[in-house]
Amino acid sequence: MGIILDGKALANKLAENLKEKVKTLKNEGITPHFCVINIGDNPASKIYVHTKKRRAKKVGLIQDIYQLPTDTHQEQVLALIDKLNADQSINGIMVQLPAPKQINADELLERIDPNKDVDGLTPANIGRLWLEDHFVEPATPAGIIALLQHYNIPLVGKDVVIIGRSNIVGQPLAALMLEQNATVTIAHAKTKNLAALTKKADIIVSATGQAFLVTAEMVKDGAVIIDVGMNHVNGKLVGDVDFDAVKKKASYITPVPGGVGPLTVQSLMEAVVKLTRRQNDRK
Ligand SMILES: NC(=O)C1=CN([C@@H]2O[C@H](COP(=O)(O)OP(=O)(O)OC[C@H]3O[C@@H](n4cnc5c(N)ncnc54)[C@H](OP(=O)(O)O)[C@@H]3O)[C@@H](O)[C@H]2O)C=CC1
Ligand SMILES: Nc1nc(=O)c2c([nH]1)NC[C@@H]1CN(c3ccc(C(=O)N[C@@H](CCC(=O)O)C(=O)O)cc3)C=[N+]21
């Protein structure tokens, strides 16, 4: 029976440490201030915005939410990003993904000042991630690494299968795990025999948005299971993993909710504080 990786408890613990860092900044007359741009009404983004609001307040950060309608024009968002880039009082900017169809999300991300890029998703910061010369990391991958570290689950030499290749989860997580000397395979919707790969994996990370994708038959005994998925099934929030069955075979497993989600939010708060400190040190 697997041990449950309690992301919520770890996020709360890390938040206490972060609160102290924020206090130190405040004593220097600096209050970290970041902006979230959310276009449209994607359900996963809504959960994210809501939890962030609570967490930001708890650690003492200022957070502005720009909730824009689904039919917002590209130019309007670009103009908003330009304004926030130029504003000295703003330390961090992020655009919630996915964005509505008419929006070119890559162009928005490219526009964010890399020094204010709390999500680590600008081309400059993605490049630095793969060059192992990064000062900010995407929040979900950073949260997963923090969780594994906290539970003393090593990555060196481990066979990892990451299911999902998005720019916010699968790809940057592969970079961070490779940096920690894991052997990383990235699977996706076109992967031929997913079960054959996952059955051999020491660590499986699923980030697809497909409920019940990862079943017990796909998992070897003693594997570590990280479930990033956020799916609504019959009004309930579930991950990508058939939790009850897979838990019996796993050595460690994250629940949904209460696993990766809270750590994503915590890592984002840490990125805001880190960038604020860096901006002030460089003045
Ligand atoms: N807990 C948290 O902190 C976070 C949770 N999420 C959640 O994680 C999930 C993934 O998010 P995101 O990365 O943005 O998703 P995307 O929709 O951008 O990407 C999904 C990925 O999963 C792959 N995929 C889909 N179906 C299958 C399948 N049947 N077999 C193998 N691969 C498949 C896709 O492959 P292909 O590229 O070939 O289409 C794609 O690479 C969502 O549920 C989201 O809500 C996201 C961010 C943070
Ligand atoms: N640029 C960008 N970066 C992201 O990292 C990003 C994004 N856009 N868009 C949306 C997705 C989704 N996402 C979540 C993070 C935490 C929870 C979270 O806190 N979940 C709680 C659930 C809380 C509840 O039950 O309501 C938990 O898992 O315990 C959810 C979803 C980040 N995303």
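Reply: P257 is found in the loop between β11 (252-253) and α10, where helices (H or I, at least four residues) and strands (E, at least two) are DSSP runs numbered from the N terminus. This is a predicted model, in which local features need pLDDT of at least 70 and side-chain atom pairs count only at pLDDT 80 or more, while totals for chains, interfaces and linings use all residues. Residues are numbered from 1 along each chain as its sequence is written, and chains are lettered from A and ligands numbered from 1 in the order in which they are written.

The peptide bond that leads from V256 into P257 is cis, with omega near -5 degrees. A cis peptide bond, with omega about 0 degrees, joins L97 and P98, and P98 lies in the loop between β4 and α4 (105-111). Most peptide bonds are trans, and most residues other than glycine have a negative phi. On the matter of phi, N181 has a positive value of about 70 degrees although N181 is not a glycine, and this residue lies in the loop between α7 (170-179) and β6 (183-187).

P257 and L97 lead us to ligand 2, since both are listed among the closest of the 22 residues that surround this ligand, together with Y48, T51 and G261; a residue counts here if its C-beta atom, placed from the backbone, lies within 6 Å of the molecule. At least two residues of this shell come from each of α2, β4 (92-95), α6 (139-150) and α10, and α2 gives the largest share, with 5 residues. Sorted by class, the shell around ligand 2 has 14 nonpolar, 7 polar and 1 charged residues, where Ala, Val, Leu, Ile, Met, Phe, Trp, Tyr, Cys and Pro count as nonpolar, Asp, Glu, Lys and Arg as charged, and the others, Gly among them, as polar.

Domain 1 (29-113) and domain 2 (139-261) each supply at least three residues of the shell around ligand 2, the domain bounds being taken from an automatic or database domain assignment. The C-alpha centres of domain 1 and domain 2 lie 27 Å apart. Between them, 5 residues of domain 1 are in contact with 4 residues of domain 2, contact meaning that the C-beta atoms, placed from the backbone, lie within 7 Å. On the side of domain 1 that touches domain 2, there are 4 nonpolar residues, 1 polar residue and no charged ones.

Turning to the helices of the shell, α2 (residues 43-59) and α10 (residues 260-281) pack at an angle of about 50 degrees, with their axes 10 Å apart; axes are lines fitted to C-alpha atoms, for helices over the stretch in contact, and angles run from 0 to 180 degrees between N-to-C directions. The two helices α2 and α10 are therefore oblique to each other, because angles under 35 degrees count as roughly parallel, over 145 as roughly antiparallel, 65 to 115 as roughly perpendicular and the rest as oblique. On the α2 side the contact is made by T51, K52, R55, A56 and V59, and on the α10 side by G261, V265, Q266, L268 and M269. This contact of α2 with α10 holds 5 nonpolar, 3 polar and 2 charged residues.

With α6, helix α10 packs at an angle of about 110 degrees, the axes being 7 Å apart, and α6 and α10 are therefore roughly perpendicular to each other. Here A139, T140, A142, G143, I144, A146 and L147 of α6 meet V260, L263, T264, Q266, S267, L268 and A271 of α10. The contact of α6 with α10 has 9 nonpolar and 5 polar residues, and no charged ones.

Helix α2 packs with α1 (residues 7-27) at an angle of about 55 degrees, with their axes 8 Å apart, which makes α1 oblique to α2. A15, L18, K19 and V22 of α1 make this contact with R55, K58 and V59 of α2, and its residues divide into 4 nonpolar, no polar and 3 charged.

Finally, ligand 1 is surrounded by 27 residues, of which A44, S166, A189, G209 and T264 are the closest. The largest share of this shell, 3 residues, comes from α10, and by class the shell around ligand 1 has 12 nonpolar, 13 polar and 2 charged residues.

Definitions and conventions: Two residues are in contact if their C-beta atoms, placed from the backbone, lie within 7 Å.
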